[in-house]
Each structure stands twice: as C-alpha cells, then as structure tokens.
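Dear colleague,

I am handing over the structure below, and I would be grateful if you could look through it before reading my notes.

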Amino acid sequence: MSHIEHSVRAAQRRMFTNRWLYCVSWTLTTAAGSYAALALFARLYGWEWPLGWLALATGGAALVVATIWALVGRPDAVVAAAALDQAAGLRERISSGLYCSRTDDPFAQAVFQDADAISRSITVRKHLRLRVPSSMTYAAIAAAICGLMFLIRPGVLKTQATTQREEQNLAVQQTRAVVKQLDSVKRLTEKDPGLKELKEDLEKLEKPLDGRLEKPGEIRHEAIKKIDKLADAVRERRESAPYQDVQQLKNMLKRVKAPQNAETPAEKLSKALNNGDFKSAQEEIQALKEQLATLQKEQDPEQLKKLQEQLSDLSKQLEKAADAKQLAEKLEQAGVKKEDVERMLKNLTKQDLEQVKKQLEQQGMNQKQIEQLAKQLQQQSQAGSQAQKMSQAMQQAANAAGQGQMGQAMSQLQSAGEQLSQAEQLEQEKNQLDSSLADLQDAKNDLNNTCQQCNGTGQAKSGGT
C-alpha cells in the first residue's frame, strides 16, 4: 500500500467519525426527547414503569440508529482525497495522484510520485480534526430535561379512583400470594375426607374475591375470615377422638420401663414404646419375628426362655400402663358404680358416655368439668383398649414361643405390629394437621402485617396521598 493510499484511508476514518458524532447528536436528541415525554407521564400519573431500563433501551437504540445512518453516508476514497486536498490547500494534488496511481502512463506516474511525496509531508489528524457538532448541545439539553423529570413527585395527577383501584389490585395480589403458600392445607383438604368440604373455601381464596369488596382492607379482612374458618375446621379435626387417642396411647407407653442398655429386639422394642416411636417399634417387632423364625425349642431352649420372659414382662408393663386407677376413683367418687367404671374403661359405648354425663350433672358438676372428665374417659377407654390388646398379643406370643409354636408367636407379634402401624399413620396425620395449622397461622400473620403497614387504611404505599 502506497503512502498516499494510507493517508486517504486515514482521512476516510476521520471523516466517518465526524459524521458518526453528527448522527449521534441528533439521534440522542430525539431519543432523549421521547424518553422525557414518557418519564413525564409516568411520574405525573404514578405509573410503575421501569424507567431505568427504558433509558438504557432508548440510549442503545439511538447509538444503533446513528451507526447505521453514518455507515449509509460514509465517504469513499475520492471524497476523502478531495477533502484532504482542500483542508491542506494542495489544489487537488492528492486526489489527482490517487487517480493516476491506476495507470502506467509516465506523466500519470510522475503526478502520482509527486502526490505521494506530498502526502508524506502532511498529517491527516492535523488537517482533518475531530469536531463535536453543535447539534450535540441539543442532546445535552434534552438529557438535562430527562433528569428534571425525576424531580416531579410521582402520582401528582393520579385520580383517587385510580389510586383506589391500584390499591385494591395490590391487596388481591398480596392475598393470592399468601394463599399460594398453603400447599400443605391443599393436600390436606384433598386427602382428608373430613376436610374435603373446605376445599371449595380454599379455592375461593385463589380466585377473584367478591366484587362488592372495594377497599383493600375489606379484601384482606375477608381473606382472614376464610383462613380463620379453615383453621377452626383443621383444629377441630385435630382435636377429634382418633388423634387425641393416639396421643393418650403415647402417654401411656411412657410408663413402659426402657432398659439402659437395650441389646435384644425385645429390649429395643420396650425402649421404642417408651419413646413413643411407633416406626422403630414396628422395626423391632419385625426383628423379633425374624429371631423367632431361627429358633427351635429343642436346640435353643435358653434363648427361647429368655425371649419368653422378656415378652411376658413387656406384656405386664403394657397392662400396667393401661391402668387408669386415678380416673376410676374420680368416677366412683362422682357416683358411678365400680363395675360400670371397669366395664366402660374396657369398652365404652355412646350410651355409656351419655349416662355418665347425666350422673356427673346430678352430682352438681359444671358443664366444663363434665366435658373434661367425659373426654378423659373416652380417651382412656380407647387408648387403654389398644394397650391391652398389645399386652395380650405379647403374652400370647410369649406362651406360643414357650411351647415351640413359632408360627403362632409370629402371628401375635404381627397383630401388635399392625396396631403400631395404625398408630403411626394417625400420628403422621396429626403432624400434617399441625403443619397445616402453622401454615394457616403464617398466612394470617402475613395478611395482618400487610394491613399494619397501612394502619388499616389499605394504602400501604401512599402514606396518606
């Protein structure tokens, strides 16, 4: 590449840069003016537009358009050479030399050699300087106007109706967001037959709330009322007999003595029952069954005798745990016959419970005391019956093992394991009810906290505006 060509290309780059700056000044002016108009309306009416991202987008678009505009009108080599001639006062020597470089004519080559020598004596950046166009002032003014838009207080022209509608929409969105956290409650209403009727109430919380509720505070209050209704139903379910009975059974099983160092499956079973760990208790019963399957009366008499003693001892402890001496004394003192108390503690019927309530009322007890004592009797009867069944199963398993009837012993242990499985299932359901209650309380707290932020006005963001 000759030096004259190098100078012409440098002139082209310098002229393109100046043209690009000119294009940028006008595209930025246009973009800044448009952005200022958008920002003005957004601030006046309190529209929550992403003005920062809009600024980046409009600015980027202005640069892209300016670049395309500059490329469309970029100068070619002839124009650049003529501009360099004019700027350096060379009277077309560079442009003529560039043209003559393409021919072999001696005269033309002499012109080219002269132009090339001249090009070595000039500096392009000295004659073609970078110039900031005067139109850039307009871009700066437009940018300053954009900045002034942020001094306008948001929502100056927002109407009261618009504000109320936005607050109402916000309340609905917040309520739905809180309700979406109630996954455990949803699963519970789908799974528990006693709570399926509440599924519709839960679904209503996720749908648009009643159109008659116009104030955000009313919307939240209605949602809280529905959550309270759900919580009451779940709480009532949790306090029902099956779940209270399993808790009473756990309390009874705490009376079973747990050995310090549990080594055998029977000892580990006692420890698991004492801890109220139904799952571990089932595992130890399975271990006992496996142990019985390997023992024979003639070959393992000592191990069978030890196992028989352990099962028999566990049976006695379960029978003792089921004892309700204090409750029986209370009932007898209240006028219930001893034989009736013993029968009811083993097998309580609905008629028995009503009869007891009448007798207690005749003795002058208030309604609260009557309900409390009747509830204790009901729980004791059910849990005591389960403990007695486990006790009988352990004793029968011990007797069968002592007689070498391993299949019968394993069958009795299987019966006890099924009881424990049912108790474990009830405990899991009870834990799920507790989890759902906690989720409902959290949802209620979230809604209450949202309302506290607005001091009951339903306008948390407005602060009175």
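In these notes, helices (H or I, at least four residues) and strands (E, at least two) are DSSP runs, numbered from the N terminus. By that definition the chain has 20 helices and 0 strands.

Please keep in mind that this is a predicted model, in which local features need pLDDT of at least 70 and side-chain atom pairs count only at pLDDT 80 or more, while totals for chains, interfaces and linings use all residues. Residues are numbered from 1 along each chain as its sequence is written, and side-chain values use heavy atoms, with hydrogens and water left out.

Confidence comes next, given as pLDDT, the predictor's confidence in each residue, from 0 to 100. The average over the chain is 79, and 75% of the residues score at least 70. Helix α2 (residues 51-72) has the highest confidence, at 93, whereas α8 has the lowest, at a mean of 62. Over residues 208-213 the pLDDT is below 50, and this stretch has 8 contacts in the model beyond near neighbours in sequence, a contact meaning heavy atoms within 4.5 Å. Residues 453-465 also stay under 50 in pLDDT, and for them the model has 17 contacts beyond four places in sequence.

For the chain as a whole, of the contacts with a separation of 6 or more, 73% are between residues 24 or more positions apart. The accessible surface comes to about 26900 Å², and 49% of it belongs to carbon and sulfur atoms; these areas come from the Shrake-Rupley method with a 1.4 Å probe, and for residues only the protein chains shown count as cover. Of the 465 residues in the chain, 39% are buried, where buried means under 20% relative accessible area, exposed over 50%, and partly exposed in between (1.4 Å probe, protein chains only).

At least two residues of the patch come from each of α1 (3-45) and α7 (136-149), and α7 gives the most, with 4 residues. Leu151 lies in the loop between α7 and α8 (160-179), and it is exposed, with a relative accessible area of 69%.

Two residues stand out in their backbone angles. Most residues other than glycine have a negative phi. Arg91, however, has a positive phi of about 50 degrees, and Glu92 has a positive phi of about 65 degrees. Arg91 lies in the loop between α3 (77-88) and α4 (93-100), and Glu92 is also placed in the loop between α3 and α4. Arg91 is exposed at 79% relative accessibility, and Glu92 is exposed at 53%.

Turning to buried positions, Gln248 is found in helix α12 (residues 241-253) and counts as buried at 17% relative accessibility. Leaving aside residues up to four places away in sequence, Gln248 touches Gln379, Gln380 and Ala383. Cys23 is buried at 0% relative accessibility, and Cys146 is buried at 9%. If a disulfide is taken as a pair of cysteine sulfur atoms within 2.5 Å, the count comes to 0 disulfides.

With best wishes
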